[in-house]
There are 4 protein chains.
Amino acid sequence: MQIGLVGLGKMGGNMRTRLRKAGHTVVGYDFNPDLTDVPSLAAMVAELGTDGSAKVVWVMVPAGEPTRSTVAELKELLGEGDLVVDGGNSKYTDDAINAASLAEKGIGFVDCGVSGGVWGLENGYALMYGGAPEDIAKVQPAFDALKPEEGGAVHAGPTPGAGHFAKMVHNGIEYAMMQAYAEGWELLEKVDIVENVPAIFESWRHGTVIRSWLLDLLTEALEDDEHLAQLRGYADDSGEGRWTVEAAIENAVPMHVIASSLFARVTSRQDDSPAMKAIAAMRNQFGGHAVHTEPPPGGEANPDA
Amino acid sequence: MQIGLVGLGKMGGNMRTRLRKAGHTVVGYDFNPDLTDVPSLAAMVAELGTDGSAKVVWVMVPAGEPTRSTVAELKELLGEGDLVVDGGNSKYTDDAINAASLAEKGIGFVDCGVSGGVWGLENGYALMYGGAPEDIAKVQPAFDALKPEEGGAVHAGPTPGAGHFAKMVHNGIEYAMMQAYAEGWELLEKVDIVENVPAIFESWRHGTVIRSWLLDLLTEALEDDEHLAQLRGYADDSGEGRWTVEAAIENAVPMHVIASSLFARVTSRQDDSPAMKAIAAMRNQFGGHAVHTEPPPGGEANPDA
Amino acid sequence: MQIGLVGLGKMGGNMRTRLRKAGHTVVGYDFNPDLTDVPSLAAMVAELGTDGSAKVVWVMVPAGEPTRSTVAELKELLGEGDLVVDGGNSKYTDDAINAASLAEKGIGFVDCGVSGGVWGLENGYALMYGGAPEDIAKVQPAFDALKPEEGGAVHAGPTPGAGHFAKMVHNGIEYAMMQAYAEGWELLEKVDIVENVPAIFESWRHGTVIRSWLLDLLTEALEDDEHLAQLRGYADDSGEGRWTVEAAIENAVPMHVIASSLFARVTSRQDDSPAMKAIAAMRNQFGGHAVHTEPPPGGEANPDA
Amino acid sequence: MQIGLVGLGKMGGNMRTRLRKAGHTVVGYDFNPDLTDVPSLAAMVAELGTDGSAKVVWVMVPAGEPTRSTVAELKELLGEGDLVVDGGNSKYTDDAINAASLAEKGIGFVDCGVSGGVWGLENGYALMYGGAPEDIAKVQPAFDALKPEEGGAVHAGPTPGAGHFAKMVHNGIEYAMMQAYAEGWELLEKVDIVENVPAIFESWRHGTVIRSWLLDLLTEALEDDEHLAQLRGYADDSGEGRWTVEAAIENAVPMHVIASSLFARVTSRQDDSPAMKAIAAMRNQFGGHAVHTEPPPGGEANPDA
């Protein structure tokens, strides 16, 4: 099929490659002149539909304003029966808005959560998509080319946002799984009883109930750098973890673990914790705790009394 | 090799089968006359070492008192150069005590955490063991038979308890991973946007970063019972989750997520929450909240003010 | 001063009483004919400003739609220089919208978070308000009458929503403080070492660092019902706890404790936990755990392996 | 009464002063020659009981080894009918051991949790004590002198450790209350809507449901240093917070909030988080996330996919 692809970063660039390998005609557009195939969105659209089929444009740019403005531009350039696929990490509530806007001109809309990282190029990308069956049919050949050989693609529902919602929850789960391994690793590192922590992780990859791809990845990292000495304990979070917890709050779903995983990432980015300053202030006022001074010679019985 | 196996429950029974399939001579003992091969521990020990090698007894009974008393009995029955392997879920701090006690008679000790569930029979058991290399050598053929074809066995260190410590952390990680999927599933179930939740889980098994064996298992369960309507939201916890959090506290390792996973299990076993009664009591005193009555006709502006 | 008061539930009704005791003329309106002073909002507005001053209407109805529609009606009824005070528990982001809408007709707007429960009538209400100083001046006499004798009233800032934002955070803190006492109480109740738990709480009211009004309230409740046997462990949550956590997420503030307190309330309202069903499902698939059946006769070594 | 007091740090020193003000004869001992009244424990004991009453020694030294060794020495020096009071922050499980050891010589034992900080000198100390009524009677005059004018003293039960258990839970509650205010303060500081955060805290001291002594203390601190710029976000924890969570785990009491408060303190003392290094490692392996580098020019659609 012919497909336009907007956004040729790490993800989009690899997806272009995988689609072309499958024999599809991809017209890629990116702000970056070193990456783009065409000079403009309009030029990209002009090259689509030359085989008489509907023009299909896959948007792969950051969520929020970049996606919104790209969709707005495409609304001008496309027409009745064409299709926009949002494959970025948009918030699921944005999809209904984009779908409704495009529908004003008879343009279809499919939202699609994509997982796969740098591994997707070779192994395929997991796809979770939402939208009307007739719209999905128009992009199905691309889905078939992008997805892993076996499974990995699912129609989450006809409501716009169903795909991004599923992808959002996927990322929330990912946060907590990562945090699970991370806490376990820190404990193994800290206590002086297990001699070779990377060997433990390697062994867990076979036969245990906690074997997973994330475990494979962590094991790989530990093989290169046993104590992760080259890394800082710093983790960004994308919108999806935040939205997962917000959706949980809104829908009265208890979410202790995913929420804590999110907050752990937030904490990791703080140079000093304001909350803990407040703790220090109260302790100080209460107990006359001289922060960072030594206890009196006779010792101190009730440091927190 | 010849090996005694004490405890022929679901795990022990399957391990006997797998060891025998590998050609080893297993003398199994269990309280249950339907399961046991011999009438007593003494009878079991008498059948070992007939090939001139050291007597090796693998203990596979519940942690705590059952393991302690079994080790005490074996101390009477075994002698210099023999070996006891504790393959149960003992607390790692118990191992030094058992090792020291057996050492008084020259009996060796190896602790071994075993993972694999009902799947171990066919796929092999993951093994994490601690102890002196010369002791481990005596049980190595059994390890080789029990472990998965590839990997899955690791010498965690020479200190008694190293194996159980690694297995304990493994279970702590397991708790939080399960909780991660569980929270995500509850959110997907609750919100009316994704049509076929089991299909989402199935799709995640390929290409996503959260693919894992636990995901396979949950997917399997959802195929049989889409909304898990046949199950109660009730989960026991073994000692290992608790010990993981205790070890974290003792060693100053932050463990928000594994601790919360443990507390979620505890909560699941409460018919009514005492803590939440206290919350209700305070709200009542403060706001005159009539629990379970309707708001006044004009509405109520500040229910929690 | 003359003041209109919309919403005469438990809070609004007591506030009317306190305002009248201070000598103010209050025209109260409520849907409920047994509570209202006038038959309609229009009738209420007609009775205001008869002394030549600006008409001031205090809205004390539930957040969201009820407040929005009341403000919309008042926009029709009031004019240039008049003032609407939103004293309900509105989300702080609603205030800018209401303020802007009223400003189209030159009507001023003040948002005011109110705390005090059923105790406010006698002790006064804590007030946190946001808005322009000239608007606040119009309602100042009412603030002076409502607030406690000493302190308890604060101008949070000129931005609409500043008052509700402060009140929202106040409620988030309240959730976690309640949860702190609740968890401590459950532990004291559970362990069989302290004989008279209510006496412990009573003693904490003097000299300890955890003395507080909430402690006073819980102590009171325990005096009436030592084990809180008359209560169910069930707690509603208002919007403010949820918005606090959402604001934390949005602003990258770690909030483990307030979030967990919120989730504990949510859990308390679930008959059965979907998430824990998923845990049970995974345990079942993995270990062949027959939920609620007994372990095999020989015991089970690895219930969670 | 005559009373020996071992440990004259910040707490013990002030308690000596308060006891003397009440007319009691206090013989204080401390390692520090500048603080001590007598050169040795033996010299202290020799000065007690000169009025014919039982010798009573109040131990006010750090929990664990210092308390244990002091009790052991006192066992040598005291005799039948004498009394040791452990007023430090001992773990409640230590008390049964100390009580049993002293009982071998007929020496009584009372455990007493003490709260009050530097404020206790003037306001009195809250006291929670455990032990036999006849033993408590011997130290009652000291309790009466130390406690606040009204209330603040409670006999938690006859079992040794009942007092320390109550005090331990008190400290657990304290951790979570502090954390509640701290999280709320951080959010108020972070969001640019409330102009004068210290004024908000000051206002909460009157009429609100979250008024408390800790709030008074935090308000005081904010008056001196509006943004707590002079403090580092660093908080120690004493044993009592840890033991509270351990007791919760052991007794199957869900304790999300107190546990998280403890872990927040632990995190505050880490220069870099090992767990978050593991997170960074997994993200890196998965997404090729170049930690601390800029996104590619065209933006990046799926930073966490």
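Reply: Contact here means heavy atoms within 4.5 Å. In this predicted model, the contact between chain B and chain D takes 20 residues from chain B and 20 residues from chain D. The area buried between the two chains is about 1700 Å², and carbon and sulfur atoms give 73% of that area. As for specific pairings, the count of salt bridges between chain B and chain D is zero. Polar contacts do occur between chain B and chain D: two residue pairs are counted, both at pLDDT 80 or more.

On the side of chain B that touches chain D, the elements giving two or more residues are helix 10 (239-250) and helix 11 (256-268) of chain B. Helix 11 of chain B gives the most to this side, with eight residues. Sorted by class, the side of chain B that touches chain D consists of 13 nonpolar, four polar and three charged residues.

In chain C, the loop between helix 10 (239-250) and helix 11 (256-268) holds A252(C). A252(C) is not a glycine, yet has a positive phi of about 55 degrees; its relative accessibility of 24% makes A252(C) partly exposed. In chain A, L228(A) lies in the loop between helix 9 (213-224) and helix 10 (239-250). L228(A), also not a glycine, has a positive phi of about 50 degrees, and is buried, at 0% relative accessible area.

Conventions:
Residues are numbered from 1 along each chain as its sequence is written. Chains are lettered from A and ligands numbered from 1 in the order in which they are written. This is a predicted model: local features need pLDDT of at least 70, side-chain atom pairs count only at pLDDT 80 or more; totals for chains, interfaces and linings use all residues. Side-chain values use heavy atoms; hydrogens and water are left out. Buried area is the accessible area (1.4 Å probe) that two parts lose on being put together, summed over both. A salt bridge is a side-chain nitrogen of Lys or Arg within 4 Å of a carboxyl oxygen of Asp or Glu. A polar contact is a pair of N or O atoms within 3.5 Å; within protein, one must be able to donate a hydrogen and the other to accept it, and residues adjacent in sequence count only if both atoms are side-chain atoms. Helices (H or I, at least four residues) and strands (E, at least two) are DSSP runs, numbered from the N terminus. Ala, Val, Leu, Ile, Met, Phe, Trp, Tyr, Cys and Pro count as nonpolar, Asp, Glu, Lys and Arg as charged, and the others, Gly among them, as polar. Buried means under 20% relative accessible area, exposed over 50%, partly exposed in between (1.4 Å probe, protein chains only).
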